[in-house]
Amino acid sequence: MSHTEPLLAVEGLRKSFGDNPVLKSIDLTVGQGRVLALIGPSGSGKTTVLRCLNGLERPDAGTVAFSGGPRVEFGPKTTRQQAQSLRDRSAMVFQGYNLFPHMTVLQNVIEGPVQVQRRPKAQAVAEAEALLERVGLADKRDEYPHELSGGQQQRVGIVRALALRPALLLFDEPTSALDPELVGDVLTVIKELAEEGWTMVMVTHELAFAREVADEVVFMDGGVVVERGHPDTVLRNPAHERTRQFVHRLL
Ligand code: ADP
């Protein structure tokens with residue numbers, strides 16, 4: 001599907017929680033600058049895929065490889081250090097924003113760059129201010145998360161991810177906690193990032209948005225990839241009955 005060099009290649013990804021096999025060998029490829037939308041019913045394993053890519057969960061088996069490194073083969077012998085090497089390649093935007101409540105907007109955004117990436121604070125602040133300006137939140141820099149609307153908090157969540165300068169952005173249902181009238185602003189920001197050439201994997205229930213923005217749609221059910229392809233095909237004319245039932249319910 002993707003005609004550019006793959007930024008991310010995932011092969012045979014498996015993950016169980018106890019004796020519940022949640023991912024049963026997932027393969028994914030995301031080209032540089034491409035947007036992949038992951039769709040599927042609740043519990044199909046979409047969030048677990050993102051968390052495995054980001055190093056928040058440790059897969060039982062499979063390979064996760066970023067162009068230019070790292071490449072991690074998961075198994076009993078994988079070291080913690082190898083597993084953690086994936087962390088700084090991607091940044092996650094969470095469904096529930098996950099901002100630090102006791103920190104201002106600016107502090108939330110510079111925390112990762114300064115504390116984790118050890119970048120100079122003045123540089124991190126300047127970059128954070130520019131990013132906040134971009135999403136229309138320059139005047140909120142000294143406010144606390146609870147003083148902002150959900151849509152504003154999620155735009156801060158996006159800025160916080162961008163400030164880490166990741167190769168890959170991961171979105172986990174970024175608008176599903178928002179009141180309907182606040183969804184549009186957040187989707188607009190995500191669409192602009194896609195147009196700018198950010199590489200993204202996005203879990204979403206917004207199928208119309210996926211159709212507009214994604215280069216490829218992957219439909220998961222029961223821990224497997226059932227179908228993948230061009231958004232118009234998967235969302236309008238799917239090959240599989242399970243996909244058909246799912247998209248007809250939501251579109
Ligand atoms: P989706 O994002 O498609 O809704 P998830 O990846 O969140 O699916 O969850 C897939 C399955 O994995 C669900 O059955 C869920 O209960 C289970 N699961 C997810 N995280 C954990 C966990 N930390 N411990 C145990 N089970 C989990």
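Modeller: A convention before we start: a crossing is left-handed if the near helix is turned anticlockwise from the far one by less than a right angle, and right-handed if clockwise. Helices (H or I, at least four residues) and strands (E, at least two) are DSSP runs, numbered from the N terminus.

Colleague: What kind of model is this?

Modeller: Predicted: local features need pLDDT of at least 70, side-chain atom pairs count only at pLDDT 80 or more, and totals for chains, interfaces and linings use all residues. Residues are numbered from 1 along each chain as its sequence is written.

Colleague: Which way does helix 3 pass helix 5?

Modeller: The crossing is right-handed. Axes are lines fitted to C-alpha atoms, for helices over the stretch in contact, with angles from 0 to 180 degrees between N-to-C directions. The classes: under 35 degrees is roughly parallel, over 145 roughly antiparallel, 65 to 115 roughly perpendicular, and the rest oblique.

Colleague: Which residues meet there?

Modeller: From helix 3, V105, N108, V109, I110, G112 and P113; from helix 5, V156, V159, R160 and A163. Contact means C-beta atoms, placed from the backbone, within 7 Å. By class, that is 7 nonpolar, 2 polar and 1 charged residues. Ala, Val, Leu, Ile, Met, Phe, Trp, Tyr, Cys and Pro count as nonpolar, Asp, Glu, Lys and Arg as charged, and the others, Gly among them, as polar.

Colleague: And helix 5 with helix 6, at what angle do they pack?

Modeller: About 15 degrees, with the axes 8 Å apart. Helix 6 is residues 180-196. So helix 5 and helix 6 are roughly parallel. This crossing is right-handed. G150, G151, Q154, R155 and I158 of helix 5 touch L182, D185, V186 and V189 of helix 6. The contact divides into 4 nonpolar, 3 polar and 2 charged residues.

Colleague: What about helix 4 and helix 5, parallel or oblique?

Modeller: Oblique, because of the angle between them. The axes of helix 4 (residues 121-134) and helix 5 cross at roughly 140 degrees and come within 10 Å. The crossing is right-handed. E127, A128, L131 and L132 of helix 4 meet V159, L162 and A163 of helix 5. That contact has 6 nonpolar, no polar and 1 charged residues.

Colleague: New topic. What surrounds the ligand?

Modeller: F17, V22, G40, S42, G43, S44, G45, K46, T47 and T48. A residue is near a molecule if its C-beta atom, placed from the backbone, lies within 6 Å of it. Helix 1 (residues 46-53) gives the largest share of that shell, 3 residues. The shell has 2 nonpolar, 7 polar and 1 charged residues.

Colleague: Where is the cis peptide bond?

Modeller: From G69 to P70, with omega near 0 degrees. P70 sits in the loop between strand 4 (61-66) and strand 5 (71-74).

Colleague: And what is phi at Y97?

Modeller: Near 65 degrees, positive in a residue other than glycine. Y97 is in the loop between strand 6 (90-93) and helix 3. Most residues other than glycine have a negative phi, and most peptide bonds are trans.

Colleague: What does UniProt annotate over residues 8-247?

Modeller: The unreviewed entry has "domain: ABC transporter" there. UniProt positions are in the numbering used here, feature names are shortened, and annotations may be inferred rather than shown by experiment. Over residues 8-247 the chain is 38% helix and 26% strand, with end C-alpha atoms 26 Å apart.

Terms used: Contact = placed C-beta atoms within 7 Å.
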